[in-house]
Every structure is written in C-alpha cells, then in structure tokens.
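Morning, everyone. Have a look at the screen, and then I'll walk you through a few spots.

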Amino acid sequence: MHNLSDLIDPGCVFAGVHIPTRKALFQFLGTQAEQQFGLNARLVTDALGDREKLGSTGFGGGFAMPHARLPQVGRVRGLFVQLAAPIDFGAVDDLGVDLVCALLSPEQSGARHLKALALVSRTFRDRTVREQLRGAQSRDAMLALLNAIDARDAA
C-alpha cells in the first residue's frame, strides 16, 4: 500500500455532503461501507463510534481520520468525505472538521492498519492538499487531486 488509490476507490469519494454531527457522519460512513463493501452499516457505525470514545480522531486543520478494525473487512479500505460545512469533532485544535478520511481495516491487520494511518496522516498534514480538496467542487475534481497526490508521491 503506497498510494491513496490503494485505499480509496473512486466510488468512495463524496463531495459537499451535508452532515450536521459526528454521529450522523459515522452513520453516513456505515451506510456507504455497506453499499460499497458489503459490510453491516450498524457494525461499522458502532465500531467508528467506539474508537472515537477512546479519543478524537480530529487531527487538526479541519481534518479527521476516524478508523476501526472489523473482522468482516477483507483489506484496508477508505472513504473520503468533503463536508459542506465543518462539524465539531473535538479536534486537538478545536477547529471544526470538513475533510474526513475514514479507514476500515481487518481485525488482525496491525502493520497494514498502521501503514494506512501513516499514509493518510502524512498526506493530509499538508495544508496545500487540504485547501485544494476544500476547493474541489465535485467528486471528479477531488479524484483528480487525489490521483495527482499519488503521482507526486510516486515521483
């Protein structure tokens, strides 16, 4: 796993989504995981919520990376959501979150899970990347930016 495209399929990118709360976001992610990966929406929603109870996955700069390990997941999978308006996430910098990359990993995927977390964290730590994704007006525009990040990092 070297690129975001290894984690995030094109159908798992969502632009301008109106979601009012962190709980509603986890429900949206659960529903999408069910539709995209055949996972049980409730299990995904609950797993993300349980992980969040351990501490906020709001990393700062308006970005959050909720994640969970589930026995039903075959490989590390990602969902990327650009929110229409920031929501409270209890982030370390107290800023609202409007960019979310959720990761779902197999239960026994210690190293792969950590590598995926590191890849996403490294990518979205870059302020320019976050600002470009905020400015994207469609899924296609966000996919083009994510692909450009992969190409840049491969060079």
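Start with what covers the buried residues of helix 1. The cover includes strand 1 (13-17), helix 2 (41-53), strand 5 (77-87) and strand 6 (97-106). Contact here means heavy atoms within 4.5 Å. Helices (H or I, at least four residues) and strands (E, at least two) are DSSP runs, numbered from the N terminus.

Some ground rules. This is a predicted model: local features need pLDDT of at least 70, side-chain atom pairs count only at pLDDT 80 or more, and totals for chains, interfaces and linings use all residues. Residues are numbered from 1 along each chain as its sequence is written, and side-chain values use heavy atoms, with hydrogens and water left out.

Which residues of helix 1 are buried? They are Leu-25, Phe-26, Phe-28, Leu-29, Gly-30, Gln-32, Ala-33 and Phe-37. Buried means under 20% relative accessible area, exposed over 50%, partly exposed in between (1.4 Å probe, protein chains only). After helix 1 comes Gly-38, with a positive phi near 75°.

Asp-94 also has a positive phi, about 65°, and is not a glycine. Asp-94 sits in the loop between strand 5 and strand 6. Its relative accessibility is 70%, so Asp-94 counts as exposed.

Now the rings. Rings of Phe, Tyr and Trp (its six-membered ring) pair if their centres lie within 6.5 Å; planes under 30 degrees apart count as stacked, over 60 as edge-to-face and the rest as tilted. That rule gives five aromatic pairs. Phe-63 and Phe-124 are stacked, because their centres are 4.6 Å apart and their planes at 10°. Phe-63 is buried at 2%. Phe-59, Phe-63, Phe-80 and Phe-124 form one aromatic cluster.
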